[in-house]
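These are my notebook entries on a structure that is new to me. I record what I looked up, entry by entry.

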Amino acid sequence: MATEKIKYPLKNKLIVLVLVAMVPILYVTIYLILALVNYSRAYDQIVNSMLLANDYNINFKEEMDESLYKLVVSSITFDTIEEDGTLKNPYKLINELRTESNNLLTMTSDKESRVWLQSLLRNVDTLKDRVDDIKANQQAEGQYEKNIDMLYNDIYILTELIQDDIQYYIYYQTKSIEQLKIQLNQEVQHVILISILLGGCIVIVVILITSAILNSITKPIQELCGITSRIAEGNFSDRANVQTEDELEVLSDSVNDMSENLEVLVNQIKEDERKMRHAELRLLQEQINPHFLYNTLDTIVWLIEGDDPDKAVDVVVALSEFFRLVLSKGKEYISILEEKEHIRGYLEIQQVRYQDILDYEIAIAPELYSYKILKLTLQPLVENSLYHGIKCKRQKGKICVTGKLQQSDSPQKDTILLCVEDSGIGMEIDDVNRLRTEIEKPCKETEKGFGLANVNERIRMNFGAEYGMTIESEKGVGTKVSIIIPAVKLDETLAGEFS
């Protein structure tokens, strides 16, 4: 128990210190009180400034980056950005920071701190200019790439610089507190000197007792400051060794526990990052399956040797279109039309290989073509139907891909239902339930059904937890995988192409 370690409470030590300090002459006490009042005012001013600066250090960059990112990549405008309650208007954030920074500038006397506040204000002005540029580009057409470039090369750098300015301001304000501490110590020494001249032996006793008590407090605090500084630098293996049998020893044990927990958490984060990278590699393997490429090339050779060059050309064209859509110039979102062409090319190639057992139908409503979808949403589902449904059936089977718009009272709440249904072997109810459980997990924790889990996780991460995948299956009948995503146009230009 923590209380069992407290043999000499700080409260008792401080009481002894107060009783001994009452011996010096009255006017010395008054002098010290005045010095402490001045110190307290200066300290409170610095602490309040640091608290305000620290609040912006924590929140400003995250809120500004998130708001501008949504303004650039989504349909949100400067006029509508605060409607959903999760984002803030960049101009409001800038004005608040400028106002508070000017207030801090008037209150701050430390030279170095003022230098960094002035640098912060200059960067805020530059940031406002860049936001003005983004707003102007947003009102013009065809400036998406320019805004993205400005977001990464200007905005993020400026918010990082502003955050650095705030951190340096906090750092020098911290040094100001240390200076105030030095000044306070000087005042105490002055009082002690006067007490020695006036009190003689009594003051000597006061000095001895005061020194012992202060050392029992300040030395552990200094050691804890050194430990926390090294922890802040990333050295989580350091441990404090304070044995004062008071609250400082309890605090030391708590710091040690915190350091140990941080070390565990950092190691866990590193392990999670390693798993994430592994999952990304698995995703890449799912996107471009080398066996699919090898088998397709074998099919092309087989068609050429079988004197069917026209069919071979069709397969080559379908393969080229397939990989063009897989790459999609690195885009994460594509149109439903592009996704449809992607799975059509995939199924055309597979039908040449499995012409005896595979038939397919794609019936996606043309009105959906201009809506956006995450790339490689349907292809893993189609591939899963082929390899785990149709092939296992060992007889003729069919894959049907359908899509329709589900309208609601509000157009903003319209959804798109996409289904991949096969007449394959199907699954037992226990297998279906296990698969449903697997796809609800993060893909890096999935033991089976990685392709489906990956699709489900990407949908929920990008669109929200209310969207995603459902699975229905019956043994000997087939399997149906349904996906619901929000009905959002890819962009206005693309919408015009399909009207």
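I take helices (H or I, at least four residues) and strands (E, at least two) as DSSP runs, numbered from the N terminus. The model is predicted, so I note that local features need pLDDT of at least 70 and side-chain atom pairs pLDDT 80 or more, while totals for chains, interfaces and linings use all residues. Residues are numbered from 1 along each chain as its sequence is written, and side-chain values use heavy atoms, with hydrogens and water left out.

Entry on L452. I located L452 in helix α13. Is L452 buried or exposed? I count L452 as buried because its relative accessibility is 4%; buried means under 20% relative accessible area, exposed over 50%, and partly exposed in between (1.4 Å probe, protein chains only). I then listed its contacts (heavy atoms within 4.5 Å). Leaving aside residues up to four places away in sequence, L452 touches L381, N384, L435, I439, M469 and I471. I also looked up E440, twelve residues from L452 along the chain, and found 9.6 Å between the two C-alpha atoms.

I found an open sheet of five strands with mixed pairing, in the order β2-β4-β5-β7-β6; two strands pair if DSSP finds at least two bridges between them. Since β2 (358-364) and β6 are at the edges with a single partner strand each, one side of each has no neighbour in the sheet. Strands β4 (residues 397-406) and β5 (residues 415-422) pair in the antiparallel sense over eight bridges, and L405 stands opposite I416 in β5.

Entry on the core. Which residues touch the most other members of the largest nonpolar core? Among its 52 residues, I recorded V401, I416, M469 and I471. Such a core is a set of buried Ala, Val, Leu, Ile, Met, Phe, Trp, Tyr and Cys residues joined through side-chain atoms within 4.5 Å. Another core, of 31 residues, lies apart from it and includes L68, L71, Y91 and L120.
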